[in-house]
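Visitor: Hello! Could you walk me through a few contacts in this model?
Guide: Gladly, let's take a look together.

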Amino acid sequence: MNDLKELENRSIYIIREVARNFGNEKIASLWSMGKDSTTLMWLIRKAFMGAVPFPVVHIDTTYKFDVMYDFRNKMAAEWNLDLRIVKNEEALAAGMNKDKGRLTCCNALKTQSFQLAVDKYDLSAVFLAIRRDEHGVRAKERYMSPRDKDFKWDYENQPTEMWDQYQQEVPDETHFRVHPMLDWTELDIWRYIKQENIPTINMYFAKQGKRYRSIGCHPCTNPVPSEAMTVDQIIAELESTNVSERAGRAQDKESAATMQKLRSLGYM
């Protein structure tokens, strides 16, 4: 069995186990339209014979690129997704934007919106396309990562995960963040996209010597130098580059301690 097949099997196993344990009415998956979360959608569809049998939530800051919204609408229709769009309307009405501070903005428009979604849909488990290699703080996550009733992450006291045994008992007023792709790398993602021919936003492919490695809100996301215009060229580039995947994400330039604090409070 090759590495991609092993990763795929583990991810699908976790997805099915969570659905079996919690039931489709108590779970959802976040979808940002990026390469990772779209790959997660693909894996969920593989796990359930072409369907996504639970809601798909887009945390909409309203500051995404137009091409992301176009891709969302196209793929949601094509894949027959039960798409739920969640916004922090109160923060947006008060004028929340990056000028208030990028981390303040992320907390209001992403973290608090996520909390609104968990409360509104009474979720016990939420799938996210988090990878350990993406950021040092995310490397501390578990496949099944509990959050308390206040949405906080106790990163110093996490459940042990051994021999495919994952904690799935949810105390009252808590939920799990479920990370089926935790062991995948950026290179694995692109090799799998090639293998499966997964639809991908064209922002990832170079134009005029630049491309996006990671995509988010347009005020805080910038392209990096690159000549990779195809999936094969991206794979070749990643096999030799020493540039960080999130080099173009402004909020990732904050200190690791600040990012850890934000994630402990519920940041994605």
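Guide: One rule before we start: a charge sits over a ring if NZ of Lys or CZ of Arg is within 6 Å of the ring centre and within 35 degrees of the ring normal. Please keep in mind that this is a predicted model.

Visitor: Over the face of which residue does Arg-132 lie?
Guide: The distance to look at is 5.8 Å, taken from Arg-132 to the ring centre. The cut-off for such a contact is 6 Å. The ring whose face lies under Arg-132 belongs to Tyr-143.

Visitor: And how far is the charged end of Arg-45 from the centre of the ring it sits over?
Guide: Here the ring is that of Trp-42. The charged end of Arg-45 sits over that ring, and its distance from the centre is 5.6 Å.

Visitor: Is the ring pair of Phe-22 and Phe-176 stacked, edge-to-face or tilted?
Guide: Phe-22 is in helix α1 and Phe-176 in strand β6, 154 residues apart. Both residues are buried. Their ring centres are 6.2 Å apart. Because the planes meet at 50°, the pair is tilted.

Visitor: Which residues form one aromatic cluster?
Guide: By the ring-pair rule, the count is 9 aromatic pairs. One aromatic cluster is made up of Phe-48, Phe-54 and Phe-127.

Visitor: How is α1 oriented relative to α2?
Guide: Helix α1 (residues 3-22) packs with helix α2 (residues 35-47), their axes 9 Å apart and at an angle of about 70°. Angles of 65 to 115 degrees count as roughly perpendicular. Therefore α1 is, relative to α2, roughly perpendicular.

Technical notes: Residues are numbered from 1 along each chain as its sequence is written. This is a predicted model: local features need pLDDT of at least 70, side-chain atom pairs count only at pLDDT 80 or more; totals for chains, interfaces and linings use all residues. Side-chain values use heavy atoms; hydrogens and water are left out. Axes are lines fitted to C-alpha atoms, for helices over the stretch in contact, and angles run from 0 to 180 degrees between N-to-C directions. Helices (H or I, at least four residues) and strands (E, at least two) are DSSP runs, numbered from the N terminus. Angles under 35 degrees count as roughly parallel, over 145 as roughly antiparallel, 65 to 115 as roughly perpendicular and the rest as oblique. Rings of Phe, Tyr and Trp (its six-membered ring) pair if their centres lie within 6.5 Å; planes under 30 degrees apart count as stacked, over 60 as edge-to-face and the rest as tilted. Buried means under 20% relative accessible area, exposed over 50%, partly exposed in between (1.4 Å probe, protein chains only).
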